[in-house]
Amino acid sequence: MKGFLVRPVPSESVGEAAKAVARRQAGQLTLVRRRAQPAAVYITRMTLTAVFAYLLALQLPGGSSRSVLAPLTALLVVQATLFHTIRSAVQRVIGVTTGVLAAVAVAAYVPFSWWVLGLLIAGTLALGLMLRLREETLEVPISAMLIFAVDSHAAATSRITETLVGAAAGLSAGLLFAPLRVQPAKDAIGDLTRQMADLLGQMADGLADEPDPRRAAEWLDRTRALRGEIERVDDALGQAEESVRLNPRRLRYPNPAAGLRDGVDTLERAATDLRVLARAVADSARLDSGDSPVKDAETRARLAAVIAELAASVRAYGQLIESDPEPFDAPQAQAEPALSLVLEDHLEEAQRQQDRLADLLAADPAERPDGWPLRGEILAHVDRLRNELQPRSQPSAHPVRRPLRTRVRARTRVRAKLRVRAKLRA
C-alpha cells in the first residue's frame with residue numbers, strides 16, 4: 001500500500017508470537033475448566049436444596065401445593081460456608097417472625113391506609129436495626145407489608161412455618177455440602193512461594209555479572225508488588241478459616257487451616273526481608289565506587305550462591321505447606337518428612353555460604369567508607385531471610401532428648417550466628 005511503511009517481520013518472531021498466544025489460550029481454557037466445575041456444583045447444590053425445601057413444605061397441614069416461600073427461603077439462606085449459613089438462617093427467621101408479629105399487632109387495631117403502611121415500614125426497619133439483622137434487615141418490613149396487606153392469621157402462620165422449613169432445609173444442605181476451602185488457600189500460598197523463589201533465582205542469575213542498576217531496580221519493584229499477592233493469599237486464608245468454623249468435620253478432626261496462618265505470617269515477613277535485600281542490592285548497583293559489594297566478582301558470586309540457596313529454601317517451604325495433608329487424609333500422606341529434610345538441607349547450605357560471604361564482606365569503615373554500610377545491610381538481610389524460613393518445631397508434651405549429632409549441629413548454628421553478629425558489630 002502506498003504511503004505506509006511495511007516493516008518485514010522475521011519468521012522467528014511470528015512463531016514466538018503464535019506460541020505465546022497458544023500458551024495464553026491453553027491457560028484460559030484451564031481457568032475456564034476450573035471455574036466451570038464449582039459453578040456446576042453450586043447449581044446442583046442450590047437446586048437440590050430448593051426442591052428438598054418444597055417437598056418438606058408439602059408435608060405441612062393446610063399448606064398450599066404451589067407455595068414457593070420455603071424453597072425461596074432455602075435459596076436465600078444457603079451461603080458459601082456453614083457459619084454464614086447458620087447466621088443467615090437465624091437472622092432470617094428472626095426477621096420474618098418480627099415482621100409478621102408487628103403486622104398482626106397493627107392490623108388488629110388500625111385499618112389499612114397509606115400513612116399506617118408508612119409508619120409500619122419505618123417501625124419495622126427500626127426493629128431490624130435494633131436486632132442487628134444486617135443483610136436480613138429488609139426481611140422485617142417485607143414480611144410486615146405482606147401480612148398487613150392480606151390481614152389473615154392463616155397467612156401469617158403459613159409464612160412463619162414455611163420460613164422455618166426453608167431455613168431448616170438450608171441448614172441441612174449446609175451441614176451436608178458445606179465445602180472446606182482449605183485447598184484454595186494452600187494453592188495461593190504455593191503461588192506466592194513460587195513467585196518469591198523465581199525472583200530470588202533471577203537475582204542469583206543476574207549477579208553472575210555486574211548487575212545493571214535498571215535491572216536491580218526491576219527486582220526491587222517486583223518485591224514491592226508482592227504486597228498485593230500477600231493480600232490475596234490472606235483473603236484466601238480468611239475464606240478457609242470461615243469454611244472450617246462450625247463445620248461438622250471439625251468434630252472428628254483438628255482444624256485443617258490452623259497451620260496455614262503461621263505459614264502466611266512467615267512468608268509475609270520473608271517478603272519484607274526480600275524487599276529490603278533487593279533495595280540493598282539496588283543501592284549497591286547504583287554506587288559508582290569500587291567499594292560497592294557487587295563490584296567484586298568473588299563477593300558477587302558468593303552472594304549469588306547464598307541467594308540461590310534461599311530461593312530453593314523458599315520453594316521447599318511452599319511445597320511443604322502445599323503437601324501438608326488434610327486431617328482426614330493424614331494416613332496416606334508421607335511427603336512431609338522428606339520435604340522438611342530438603343528445607344533443612346538448603347538452609348544449612350545457605351548458612352555455610354553465608355559464613356563465606358561474611359568473610360568477604362568484612363571491611364574497615366576507614367578503608368571503604370562508601371560501601372561498608374551496604375555490606376552490613378546485605379549480610380543482615382540475608383541472615384534474617386534465612387532465619388525466617390527455619391521450620392518451627394511444635395512443642396511436645398513429652399520432650400525427648402535430641403541425639404548428639406543434632407545437638408552438635410545446633411551448637412554449630414549458634415556459633416555461626418554469633419560470628420555473624422560479631423562481624424556486624426565490627
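**Close-up 1. Arg315 meets Asp198 in a salt bridge.** In this predicted model, the closest N and O atoms of Arg315 and Asp198 are 2.9 Å apart. A salt bridge here is a side-chain nitrogen of Lys or Arg within 4 Å of a carboxyl oxygen of Asp or Glu. Arg315 sits in helix H10 and Asp198 in helix H7, so the pair ties together parts that are 117 residues apart in sequence. Helices (H or I, at least four residues) are DSSP runs, numbered from the N terminus. Arg315 is partly exposed, at 32% relative accessible area, and Asp198 is partly exposed too, at 35%. For reference, buried means under 20% relative accessible area, exposed over 50%, and partly exposed in between, using a 1.4 Å probe and protein chains only.

**Close-up 2. Helix H8 holds the Arg227 and Glu231 pair.** These two lie four residues apart, about one turn of the helix, and their salt bridge has its closest N and O atoms 4.0 Å apart. Arg227 has a relative accessible area of 38%, and Glu231 has 45%.

**Close-up 3. Glu229 and Arg232 form a salt bridge.** Their closest N and O atoms are 2.9 Å apart. Both belong to helix H8, where being three residues apart separates them by about one helical turn. Glu229 is partly exposed at 22% relative accessibility, as is Arg232 at 36%. Elsewhere, salt bridges that share partners join Arg92, Glu136, Glu139 and Arg159 into one network. The salt bridge count comes to 17.

**Close-up 4. Met196, Leu200 and Met203 touch the most other members of the largest nonpolar core.** A nonpolar core is a set of buried Ala, Val, Leu, Ile, Met, Phe, Trp, Tyr and Cys residues joined through side-chain atoms within 4.5 Å. Leaving aside residues up to four places away in sequence, Met203 touches Trp219, Leu274, Ala278, Val281 and Ile307; contact means heavy atoms within 4.5 Å.

**Reading the views.** Residues are numbered from 1 along each chain as its sequence is written, and side-chain values use heavy atoms, with hydrogens and water left out. Because the model is predicted, local features need pLDDT of at least 70 and side-chain atom pairs count only at pLDDT 80 or more, while totals for chains, interfaces and linings use all residues.
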